[in-house]
Amino acid sequence: MRILGHVASPSFLSNGTALLFSPSLSLTFTPRYSPLSTVPFRRRSFSIAAEMASPVKKVLVPIANGTEPMEAVITIDVLRRAGADVTVASVGKELRVEAAHGVKIIADALVSSCVDNVFDLIALPVPFFAFLLLLLNLRMDCITDHATIALCVGPNFRRHSRCCKFERLQRAGNHGQETSFRRTAICCSLCLSRSGTWFMGFAEGAKSNPLKLKAIASLLRNIRNYRKCLWISLVLDQATCYPSFMQELQQSSAIAVESRVQKDGITVTSRGPGTTMEFSVALVEQLYGKEKANEVSGPLVMRPNHGDEYTIKELNSIPWTTEDNPPQVLVPIANGSEEMEAVMIIDILRRAKVNVVVASVEEKLEILASRKVKLEADMLLDDAAKLSYHLIVLPGGLGGAQAFSKSEKLVDLLKKQHGSNRPYGAICASPALVLEPHGLLKGKKATAFPAMCEKLSDQSEVENRVVVDGNLITSRGPGTSMEFGLAIVEKIFGRDKAMEIAKAMLFTV
């Protein structure tokens, strides 16, 4: 592994999931062999650098089974809005990744095919095991001064993967016994000291794990065979992380702080899914400057006071009762759907144990969302239409909303939902482009994406972030999607359940 150059400006960013390298930093990873196998790997290089003259920033976002989908998709979406060239790469052997909460994402490429590319930023919204898989293929040959790499894994570290290499690593640490890592979390950083010594830090977050991370210790013994000396330590400046892991962070050399996004010199850290949009805008600012960050954040309709309790404007309140346990909700997606909105709605409702059916309006399960994120639905709309739903909710996105409006089957489902007085809703462009033209807002108060509000016949409540009118719920855009999802949870399960999820995501303090 080669690190060339120096860090002359803020260069490392992590919201528990990301790395940023300065324009002068170059990395070369040269795999020689796997610590778990005697099978040789082909020699290859992996570079991270930035071209000062190029306005386009290249970003790599590795994803894996168990990746927190909100963290991954928000990061990808926001960076692409800024003009970054983002490659979504699967750490495993297949492009298809099943993220947490059953969200299925299709990567652009495999990480193995990106090893010769050059990137300005690597964002890692992956569980720790996926980072181990990267280490298995890397050899640290040469390290120079003043270079920093770090990874901090949040609460969604869990063993979702069926990657044979990692399972072999687990078995090696447990003498063949299967072990669950579901409740284990590790904060890890690779940090280069002034003397050129590698420091690797591990903080165990689950005392109940009987292995005491023997599998990782086994990996470390293999890495010790490399040329550079490996030390167990955690080296950070002022940093923040998910609250459950603050004690571990305090026991390291880092100064633990409780900021939603903490900037300290070359490091930027953040706390969890509910702070990812703020973090992603911070990444944009580091890559492109404050002006570009403001340009990107404006259309997102972000909250002015992050961390405050969410509020909804409710009129003509009625209970959203259901005899179904769990309630079943239909979330259609189409080419051009806004991926942040779709994923946040799906993720939050599934956290509340709602049975969410994601249905493709297209002729195949895979859709290409508005910022080119590839999502895979659970079924086609033709099959989904055979089921009944307590709620139908539409994500936005211009192309997706237009596809929804043209789908006779979906419009028919919405009209039947409305006619039977069952809940339905939409966000962003969909209230204006789907509900309004098909008469589904008649006599109702609603809101929509700011640029679309003029298409609503009743604009009296459009300035509210979430509007509930009887059995209808509408909202404004990506930055209101969490409030929108939480408002749905509140209407079905009550305020306490919604606040429990909001606090677990770090959306609300």
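Me: Leaving aside its neighbours within four places in sequence, which residues is Thr 508 in contact with?
Reply: Thr 508 is in contact with Gly 307, Asp 308, Glu 309, Tyr 310, Met 499, Ala 502 and Lys 503. Contact means heavy atoms within 4.5 Å.

Me: What kind of model is this, and how are residues numbered?
Reply: This is a predicted model: local features need pLDDT of at least 70, side-chain atom pairs count only at pLDDT 80 or more, and totals for chains, interfaces and linings use all residues. Residues are numbered from 1 along each chain as its sequence is written, and side-chain values use heavy atoms, with hydrogens and water left out.

Me: Back to Thr 508. Buried or exposed?
Reply: Thr 508 is buried, with a relative accessible area of 2%. Buried means under 20% relative accessible area, exposed over 50%, and partly exposed in between (1.4 Å probe, protein chains only).

Me: Where is Thr 508 found?
Reply: In the segment after helix 14 (495-504). Helices (H or I, at least four residues) and strands (E, at least two) are DSSP runs, numbered from the N terminus.

Me: Why is strand 19 described as largely enclosed?
Reply: Six of the six residues of strand 19 (328-333) are buried, so the rest of the structure largely encloses it. Gln 328, Leu 330 and Pro 332 point one way. Val 329, Val 331 and Ile 333 point the other way.

Me: How many bridges join strand 19 to strand 20?
Reply: Six, and the two strands run parallel. Gln 328 has Asn 355 as its bridge partner in strand 20.

Me: And strand 24?
Reply: Two bridges join strand 19 to strand 24 (residues 391-394), again running parallel. Val 329 stands opposite Leu 391, and Leu 330 stands opposite Ile 392.

Me: What about strand 25?
Reply: Strand 25 pairs with strand 24 in the parallel sense over three bridges. Ile 392 stands opposite Tyr 424. Strand 25 also pairs with strand 27, in the parallel sense over four bridges. There, Ile 427 stands opposite Ser 475.

Me: Switching to helix pairs. How do helix 6 and helix 7 pack?
Reply: Helix 6 (residues 276-288) and helix 7 (residues 290-300) pack at an angle of about 150°, with their axes 7 Å apart. That makes helix 6 roughly antiparallel to helix 7. Angles under 35 degrees count as roughly parallel, over 145 as roughly antiparallel, 65 to 115 as roughly perpendicular and the rest as oblique.

Me: Which residues make that contact?
Reply: On helix 6, Met 277, Val 281, Val 284, Glu 285 and Tyr 288. On helix 7, Lys 290, Lys 292, Ala 293, Val 296, Ser 297 and Leu 300.

Me: And helix 1 with helix 6?
Reply: The axes of helix 1 (residues 69-81) and helix 6 come within 9 Å and cross at roughly 35°. Residues in the contact include Ile 74 of helix 1 and Leu 287 of helix 6.

Note on methods. Two strands pair if DSSP finds at least two bridges between them. Axes are lines fitted to C-alpha atoms, for helices over the stretch in contact, and angles run from 0 to 180 degrees between N-to-C directions.
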